[in-house]
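Have the structure open while you read.

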Amino acid sequence: MSSGTADGPGRPGEQPGASQAADERAYEHFVTGRRFLAERHPAQAAMYLERALALAPDKNSIRETLGRAYYALGRYDGAAREFDDVVRRAPTNDYAHFALARCLLKLGDVPAARREARLAVAMAPGNDDYRRALDDCLEAG
């Protein structure tokens, strides 16, 4: 039996194409949020990225970019939640491990930060940013 309704594929009660329209809106919000982040407007970026995430909660690219916006705002707990979710969904994402390490260090969880930084360095040993993050973690405790 199909997972769709008599109205067509998708969620119950959805009109055909509603899912595609939501995906398109999520992408538009994501692009706008990414642009605001690049222009150093993290509050505006976070607003659009939160909207994108509400429409597409399974997109790691949105979570990662939202984590970057939260980090830029000094909202390290929110950033850590987003990066942790990315790490759980994509355990080989070296950038997410690196970013989570930076957040955890800011939050004072040095052992967890050190663990994440070590994972990032192990996955991408030539990355100087990851190595510096690990050095910061080692110096912190």
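Arg-40 sits in the loop between helix 1 (18-38) and helix 2 (42-55); helices here are DSSP runs of H or I, at least four residues, numbered from the N terminus. Its phi is near 65°, a positive value in a residue other than glycine. Most residues other than glycine have a negative phi.

A word on ground rules: this is a predicted model, where local features need pLDDT of at least 70, side-chain atom pairs count only at pLDDT 80 or more, and totals for chains, interfaces and linings use all residues. Residues are numbered from 1 along each chain as its sequence is written, and side-chain values use heavy atoms, with hydrogens and water left out.

Now for helix 5 (residues 94-106). At its start, a side-chain oxygen of Asn-93 comes to within 3.2 Å of the backbone nitrogen of Tyr-95. After the helix comes Gly-108, with a positive phi near 90°. Buried residues in helix 5 include Ala-96, Phe-98, Leu-100 and Cys-103, and among the elements covering the buried residues are helix 3 (60-72) and helix 7 (128-140).

Here's how three residues compare on accessibility (buried is under 20% relative accessible area, exposed over 50%, partly exposed in between, with a 1.4 Å probe and protein chains only):

| Residue | Relative accessible area | Class |
|---|---|---|
| Arg-40 | 73% | exposed |
| Cys-103 | 0% | buried |
| Cys-137 | 1% | buried |

Definitions and conventions:
Helices (H or I, at least four residues) and strands (E, at least two) are DSSP runs, numbered from the N terminus. The expected span of a helix is 1.5 Å times one less than its number of residues. Contact means heavy atoms within 4.5 Å. A polar contact is a pair of N or O atoms within 3.5 Å; within protein, one must be able to donate a hydrogen and the other to accept it, and residues adjacent in sequence count only if both atoms are side-chain atoms.
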